[in-house]
Amino acid sequence: PYVNKLTSPISFPRKDRVLLGLGGGKDSIVSSEILKKENKEFDVLILDTEIQKDVAMTMNKKPIVIKRELDPKLFDLNSKEGTYNGHIPISAIYAFLGLMASVFYNYNKVVVGNEKSANYGNVEYLGEVINHQWSKSEEFEKLFQKYITKFITPSISYYSPLRKLDELEITKEFVKYSKYFRVFSSCNRNFRINEPLDSTRGYRWCGKCAKCLFVFIQLSAFISREELIEIFGKNLFEDKSLLLLFKELLGAKNFKPFECVGTPEEVKIALDLTYKKGEFNQTPLMDFYKNEIRRI
């Protein structure tokens, strides 16, 4: 019978340098700036998307690019009634891609931009806390590091420099780097195979999803109304159709949206800072916040 003679993972010298997973949003951008301040040698890993390429170019980094191709049968299956089409742990997939690339190209650290808020669940169901962002959580990070050490190699580490920071702290750091304002995006519409955002609009945000609204709220606490509208193309606080999402982000209705967004407490703190600035107060969403949330 076949016997696996490999009884322990392989340990061998590797270059002391970092491979940063670049998603194209504020978190990975702040992670890159932290690495620069720490004088770490690093390169970036991206999927083959324009957002990530543009952010990498703004960073003055030539990225390692991974291309993906989905089976056309998947789209046929998804179009059929009764087909489950739920969330995949994309951050876990990126973690394994980063690990693979670090082995191929000789890096000893895989770094991602996963914040403290990713530990917060969305809703409790049948006695279990459901966390849309579990594969960004500290629990996953520790388990993945144990997996690497036990089964792959102890020569590679996986971590996030943002682990102790909340969304507001990250946003406050991000706004220091205005060169990224017109190239970054966290909106998932950019990464759709079918019906992606129309790039001819000149904006990288759909303005209709929870991620767009959450990032708009966080940025509104720190940058001017003019700068924010220049990024998104419109004032999301004026869009009444976003009121339900706004309530969910605040924890005032249903539960936290199944998107990579921060906690209701972080939303409330950001809105309080925005309210005190006064630039957005005469809008439907800020009126709701002022009358129904802030007064409590």
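Colleague: How are α6 and α7 oriented to each other?

Modeller: Keep in mind that this is a predicted model. Helix α6 (residues 167-174) and α7 pack with their axes 9 Å apart, at an angle of about 65°. Angles of 65 to 115 count as roughly perpendicular. The crossing is right-handed, and α6 and α7 are therefore roughly perpendicular.

Colleague: And α7 with α9, what is the handedness of that crossing?

Modeller: The axes of α7 (residues 210-220) and α9 (residues 243-250) come within 10 Å and cross at roughly 65°. That pair is therefore roughly perpendicular. As for the hand of the α7 and α9 crossing, it's right-handed.

Colleague: On to charges: how many residues apart in sequence are D16 and K109?

Modeller: Their side chains meet in a salt bridge, 2.7 Å from N to O. D16 sits in the segment before β1 (18-21) and K109 in strand β4 (residues 109-111), so the pair ties together parts of the chain whose separation in sequence is 93 residues.

Colleague: Which helix holds both E138 and K142?

Modeller: These two form a salt bridge, with the closest N and O atoms 3.7 Å apart. E138 is partly exposed at 22%, while K142 counts as exposed at 52%. They're four residues apart, about one turn, and both lie in helix α5.

Technical notes: Residues are numbered from 1 along each chain as its sequence is written. This is a predicted model: local features need pLDDT of at least 70, side-chain atom pairs count only at pLDDT 80 or more; totals for chains, interfaces and linings use all residues. Side-chain values use heavy atoms; hydrogens and water are left out. Axes are lines fitted to C-alpha atoms, for helices over the stretch in contact, and angles run from 0 to 180 degrees between N-to-C directions. Helices (H or I, at least four residues) and strands (E, at least two) are DSSP runs, numbered from the N terminus. Angles under 35 degrees count as roughly parallel, over 145 as roughly antiparallel, 65 to 115 as roughly perpendicular and the rest as oblique. A crossing is left-handed if the near helix is turned anticlockwise from the far one by less than a right angle, and right-handed if clockwise. A salt bridge is a side-chain nitrogen of Lys or Arg within 4 Å of a carboxyl oxygen of Asp or Glu. Buried means under 20% relative accessible area, exposed over 50%, partly exposed in between (1.4 Å probe, protein chains only).
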